[in-house]
Amino acid sequence: MSTLLVRNATVLVTMDDRRREIPRGGLWARDGWIEAVGPTEGLPQTADEILDLDGHLLLPGLINTHHHLYQTLTRAVPIAQDADLFGWLKALYPIWARLTPEDIRISTQLGLAELALSGCTTAADHLYLFPNGSRLDDEIEAAREIGIRLHASRGSMSVGESQGGLPPDQMVEEEDVILADSDRLISVFHDANPGAMTRVVVAPCSPFSVSADLMRESARLARSRRVQLHTHLAETLDEERYCLERFGKRPLDYVEDLDWSGPDVWFAHAVHITPDEVARMGGARSGVAHCPSSNMRLASGIAPVRRYLAANVRVGLGVDGSASNDSSHMLAEARQALLLARLAHAAVPSVDGTPGLLSARQALELATRGGAAVLGRDDVGSLEPGKCADFLALDLNRLEYAGAGHDPVAAAVFCSPVLAEHLYVHGRAVVKEGRLVGLELDRLVDDHNRASRRLVDGG
Ligand SMILES: [Zn+2]
């Protein structure tokens, strides 16, 4: 048994149902579970570990709902810098075809390290290509050394170019192999218990890289094993045209007809969704990983986030793969979500559809309890008794926050994104005084750069 007392935070943001913000706040946890949250003077005064957060903002750990960690190896690749989604994918597929199990391991650790330093305590990843003997196992095992929670999506591609899909034929897998491996991974790694560090998700890549059959069978498998379902949907107008031409349906109609809707389903992007479709998604309680940086970077469009919120759609934030962002900074993504929603409100009112502007607190909510809802978790996303002790602390005496002391909570979103001073997952320190615990970051960066050069140069 181990106990943790966190005390004297300038403000503690609970993100509980009442959205309480507690001045001079703290929490007390036992074995990674929060037992008390409140003003410091009302908490037990002793514990095995005491963290004093005088001068810090204390937030629930941020939750990333969409990523492709392997893409940290192919950031800012010149031939893919100025392309839209389909051109960008076609430029990068041949490079990604050279990935090895060691590349998966290195990129997982680098991407998760970057996420952790930016405040993330739970990350969903979507790995959908497995060249040269790579397996999702490589990612899951590498993630354990970083110490943040991972929802590892067993992605897949089964329709290559010769069958009318987008990926090259040599990158697709047989559908029975995909389903059998997904089933195996759930048996080996999925933990359905509260406080789980690892969960497995079934995740065919997109309408233009898998068959209708695989979508339907994936949904059947996920429901029989009680795991979540994830895919890319309605990301670009190219995809919409592809679905209309090939299936005679809009993207959402297409996947809904394949049993892809409900509280166990979340879609990455969901940019090109009509108001009627938003209402349907809300009725079904489907979820969305909103990826504002990626949507701007690839000129994909603006997701109707405020319509989603008004319609009771579950919405979280995703940094998306690091080749289309090209960073993995959760606090920066919350800021992008705020700014893009405001641009939509002014420039494209039909995308927004609601009065007023998205607030900094709403952006933080997307990044915390919104993300927890998207991933189907009720044990993280807020700081309250019975939840996991997953949190980050931001140093309010930094240059970036100078002059914003009247509202440190809003400053975390409005001001320049900073890195976490401390980050704890299940009551254990992952970042302490701005440094990752137990990780040689310089060596990891060196190894990662070497792997990236080999991959991109083809050597
Ligand atoms: Zn993606």
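Predicted model: local features only at pLDDT ≥ 70, side-chain atom pairs only at ≥ 80, totals over all residues.

Residues are numbered from 1 along each chain as its sequence is written, and side-chain values use heavy atoms, with hydrogens and water left out.

Start with the zinc ion. Its protein donors are His66 (NE2), His68 (NE2), His232 (NE2) and Asp320 (OD), at 2.1 to 2.5 Å. Donors here are N, O and S atoms within 2.8 Å of the metal (3.2 Å for Na, K and Ca); water is not among the atoms, so sites may look incomplete. Along the sequence the donor residues follow the spacing H-x1-H-x163-H-x87-D. His68 sits in the loop between β6 (62-64) and α1 (85-96), and Asp320 in the loop between β13 and α11 (330-347), so the pair ties together parts 252 residues apart in sequence. Helices (H or I, at least four residues) and strands (E, at least two) are DSSP runs, numbered from the N terminus. Both His68 and Asp320 are buried, meaning under 20% relative accessible area with a 1.4 Å probe and protein chains only.

Next, strand β5, residues 56-60. How many of its residues are buried? The count is 5 of 5. His56, Leu58 and Pro60 are on one side, with Leu57 and Leu59 on the other. Strands pair if DSSP finds at least two bridges between them. β5 pairs with β1 (residues 3-13) in the parallel sense over 2 bridges, and Leu58 is the bridge partner of Leu12. With β14 (residues 391-395), β5 runs antiparallel, joined by 5 bridges; there His56 partners Asp395.

Now the pockets. A pocket is an open set of points on a 1 Å grid over the protein atoms alone, where a 1.4 Å probe fits, with protein on both sides within 12 Å along at least five of seven lines; lining residues have an atom within 4 Å of a point. The largest pocket holds about 400 Å³ of space. It is lined by 22 residues, and those closest to its centre are Arg19, Glu365, Arg369, Gly370 and Ala373. α13 (360-374) gives the most to this lining, with 7 residues.

The second largest pocket holds about 200 Å³. Of its 15 lining residues, His190, Ala192, Arg199, Leu375 and Gly376 are the closest to the centre. Strand β9 (residues 198-204) supplies the largest share of that lining, 3 residues.

Methods:
Buried < 20%, exposed > 50% of the residue type's maximum accessible area, 1.4 Å probe, protein only. Points joined across faces, edges and corners; volume = space filled by probe spheres on them.
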